[in-house]
Amino acid sequence: MKILAIDTSSFPASVAITDDNILLGEYVIRNQRKHSQNIMVMTERLFCDLGMDISDIDVFAVTVGPGSFTGLRIGISSVRAFAQAMNKPVVAVNTLEALAYNLCTAEGIIIPMLDARRDEVFTAVYKFTDGVIEEITPPCVMTTDEICSKYADCGAWITGDGAIIHKDEFFGKFSFAPTHLSETRASALATASYIKAKNNETCDYNLVEPLYLRKSQAEREYEGRKEQ
């Protein structure tokens with residue numbers, strides 16, 4: 001099973017191709033969130049370097065959020081277009097679960113987190129047992145104080161840009177993932193998607209929707225002006 005995985009949910013943009021859960025190639029670019037300019041070029045280059053074509057892909061995978069509103073739309077629209085053109089299924093994975101797969105061999109609970117600003121993070125809690133993921137707490141918004149009060153000193157691993165940005169609050173209370181495992185990666189998304197595809201957890205391209213845990217800043221500002 002060949003999977004093309006695309007992640008544009010946060011600052012890095014990445015694309016990966018796997019074959020039966022073996023990574024064939026991956027590109028990661030950090031370029032001021034210019035995902036709309038980069039993702040198609042990255043995908044075409046990866047196909048070229050691997051001597052493959054989009055028709056070789058069996059399943060398309062994408063992170064659906066939480067994350068950057070613009071970034072999510074770019075990734076989802078790209079995968080929708082590919083899947084529609086090739087008439088192939090899609091695996092949609094929430095960004096936090098994909099991020100947790102960076103630490104799929106870690107013991108104890110894993111708390112991926114993405115910065116949500118205002119001392120808040122998008123987060124969830126997972127645990128891997130013999131390679132099988134268990135969702136302990138579904139995706140939600142928490143303050144850093146809430147995370148510390150609930151999970152400090154229980155041997156948890158934390159990962160994601162939320163962990164890095166708020167490292168001073170978390171230092172000494174959690175185990176930090178290595179820096180290279182603290183960002184969303186298409187290769188981790190592909191691993192999560194392979195397992196879901198094997199379990200028939202796929203969908204049609206037109207059913208893929210972004211996961212927003214709260215309204216965009218533009219929506220909040222608009223509602224604030226209406227209330228004035």
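The model is predicted: local features need pLDDT of at least 70, side-chain atom pairs count only at pLDDT 80 or more, and totals for chains, interfaces and linings use all residues. Residues are numbered from 1 along each chain as its sequence is written, and side-chain values use heavy atoms, with hydrogens and water left out.

**Helix H2**

Select residues 69–86. This is H2, with 18 residues. Helices are DSSP runs of H or I with at least four residues, strands are E runs of at least two, and both are numbered from the N terminus. From first C-alpha to last, H2 reaches 26 Å, close to the 26 Å expected at 1.5 Å a residue. That expected span is 1.5 Å times one less than the number of residues.

Now colour the buried residues of H2: Gly71, Leu72, Ile74, Gly75, Ile76, Ser78, Val79, Phe82 and Ala83. Buried means under 20% relative accessible area, with a 1.4 Å probe and protein chains only. Show their partners next. These residues pack against strands E1 (2–7), E4 (59–63) and E5 (90–93), and against helices H1 (35–50) and H3 (95–100). Contact here means heavy atoms within 4.5 Å.

Step on to Asn87, which follows H2. Its phi is positive, near 55°.

**The cavity**

Select Pro66, Gly67, Phe69, Phe122, Leu211, Tyr212, Leu213 and Arg214. They line the largest cavity, which holds about 30 Å³ of space. On a 1 Å grid over the protein atoms alone, a cavity is a set of points where a 1.4 Å probe fits but cannot get out; a pocket is an open set with protein on both sides within 12 Å along at least five of seven lines; lining residues have an atom within 4 Å of a point. Points are joined across faces, edges and corners, and volume is the space filled by probe spheres set on them.

Finish at the second largest pocket, of about 160 Å³. Of its 13 lining residues, Phe11, Pro12, Arg30, Asp161 and Glu183 are the closest to its centre.

Technical notes. Buried < 20%, exposed > 50% of the residue type's maximum accessible area, 1.4 Å probe, protein only.
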